Each structure stands twice: as C-alpha cells, then as structure tokens.
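Welcome, and please take a moment to look over the sequence and the model shown below. This short briefing will then walk you through some of its features, topic by topic.

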Amino acid sequence: MITVTHRQNCTVMSFSGELNSVTAPEADAAIAAVCKEGCMALIFDFAALTYLSSAGLRSILIGAKNMRERGGRFAVANAGEKIQRVFQLSGLARHFASFASIDEAEASFTGEEPAR
C-alpha cells in the first residue's frame with residue numbers, strides 16, 4: 001500500500017508491506033502521478049516496508065531518476081536495517097540520501113534543522 005502526503009516543502013510517499021514484482025507497478029504509477037503533479041522534492045518513507053525486491057529497487061531508482069532529471073530532490077527515510085542492507089548489497093546506497101526520519105529528510109531539502 002502507498003500513501004501520498006503533501007507537506008510544506010515536499011511530498012512523502014509512504015510504503016507499507018512488500019515492494020516487489022506484484023506491487024512495483026502500483027509504485028511506478030504512484031511515482032509517475034506525483035511527478036506529473038510537479039513535485040520537486042520527494043521522500044520515500046519506508047517505516048512500514050517489510051520487504052524490498054529487485055523490482056522494488058527499480059521503482060526506487062525510477063523515482064530518484066525522475067526527480068534528478070527534473071532538477072528535483074529525492075531522499076529515503078525510515079529505512080529499517082533489512083531495507084538498508086538491501087541498499088548496501090545492491091550498491092544503490094550511494095545513489096540517494098537516506099535519513100532516519102521524514103523530518104530529517106525534509107530538512108536536508110531546505111537546509112534547516114529538523115523539527116524535534
């Protein structure tokens with residue numbers, strides 16, 4: 001399941017359950033819709049994500065690439081230990097910023113200190 005929330009300085013896409021070959025098409029469509037709306041700062045929130053497959057990694061890369069091509073910003077927040085390990089093993093960790101919270105990720109876009 002994907003929930004989209006618009007904050008003051010960014011859009012947050014929260015993922016829950018598994019991001020795999022079955023759910024990746026939904027993620028791709030949601031990412032395309034957010035980009036079509038003109039989003040320039042996108043955070044993927046993985047606090048409730050339990051599994052990430054190669055198809056899910058592809059969806060993440062599509063989101064990051066779309067934002068970069070448009071001059072926008074992209075970050076990942078709340079990626080648990082298992083998800084971070086997938087990023088490390090795949091070599092993708094160096095391709096996008098990852099933060100411990102949505103507030104920290106949003107603050108990285110604005111240059112402000114995260115809300116406490």
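Leaving aside its neighbours within four places in sequence, which residues is Ser-59 in contact with? They are Ala-24, Ala-27, Asp-28, Ile-31 and Phe-44, where contact means heavy atoms within 4.5 Å. This is a predicted model, in which local features need pLDDT of at least 70 and side-chain atom pairs count only at pLDDT 80 or more, while totals for chains, interfaces and linings use all residues. Residues are numbered from 1 along each chain as its sequence is written, and side-chain values use heavy atoms, with hydrogens and water left out.

**Where Ser-59 sits**

- Ser-59 belongs to helix 2; helices (H or I, at least four residues) and strands (E, at least two) are DSSP runs, numbered from the N terminus.
- Ser-59 counts as buried because its relative accessibility is 1%; buried means under 20% relative accessible area, exposed means over 50%, and partly exposed lies in between (1.4 Å probe, protein chains only).

- Five strands make up an open sheet with mixed pairing, in the order 1-2-3-4-5; two strands pair if DSSP finds at least two bridges between them.
- At the edges are strand 1 (2-6) and strand 5, each pairing on one side only.
- From one strand to the next, the twist averages 25°; axes are lines fitted to C-alpha atoms, for helices over the stretch in contact, and angles run from 0 to 180 degrees between N-to-C directions.
- Strand 2 and strand 3 run parallel and are joined by eight bridges.
- Glu-18 has Tyr-51 of strand 3 as its bridge partner.
- Helix 3 (residues 81-90) packs on the sheet, where it touches strand 3, strand 4 and strand 5. The direction of helix 3 makes about 110° with that of strand 3.

**Helix 4**

- Which residues of helix 4 (residues 102-110) are buried? They are Ile-102, Ala-105, Glu-106, Ala-107 and Phe-109.
- The cover over these buried residues includes strand 2 (11-19), strand 3 (41-52), strand 4 (73-77) and strand 5 (97-99).

**Salt bridges**

- How many salt bridges are there? The count comes to four, taking a salt bridge as a side-chain nitrogen of Lys or Arg within 4 Å of a carboxyl oxygen of Asp or Glu.
- One of them joins the side chains of Asp-103 and Arg-7, at 2.6 Å from N to O. This pair links distant parts of the chain, with Asp-103 in helix 4 and Arg-7 in the loop between strand 1 and strand 2, 96 residues apart.
- Asp-103 is partly exposed because its relative accessibility is 30%, and Arg-7 is partly exposed at 31%.
- Arg-7 also forms a salt bridge with Glu-106, and the closest N and O atoms are 2.8 Å apart. Arg-7 lies in the loop between strand 1 and strand 2 and Glu-106 lies in helix 4, so this pair ties together parts that are 99 residues apart in sequence.
- Glu-106 counts as buried, with 9% relative accessibility.
- Together, Arg-7, Asp-103 and Glu-106 are linked in a network of salt bridges.
- Another salt bridge pairs Glu-69 with Lys-65, with 3.6 Å between the closest N and O atoms. Glu-69 and Lys-65 are separated by about one helical turn because they are four residues apart in helix 2 (residues 54-69).
- Glu-69 counts as exposed at 55% relative accessibility, whereas Lys-65 is partly exposed, with a relative accessible area of 47%.

**Two loop residues**

- Where is Asn-78 placed? Asn-78 is in the loop between strand 4 and helix 3.
- The phi of Asn-78 is near 60°, a positive value in a residue other than glycine. As background, most residues other than glycine have a negative phi.
- Asn-78 counts as partly exposed because its relative accessibility is 24%.
- Gly-38 is found in the loop between helix 1 (24-36) and strand 3, and Gly-38 is partly exposed, with a relative accessible area of 39%.
- Gly-38 and Arg-70 are 32 residues apart along the chain, and their C-alpha atoms are separated by 9.1 Å.
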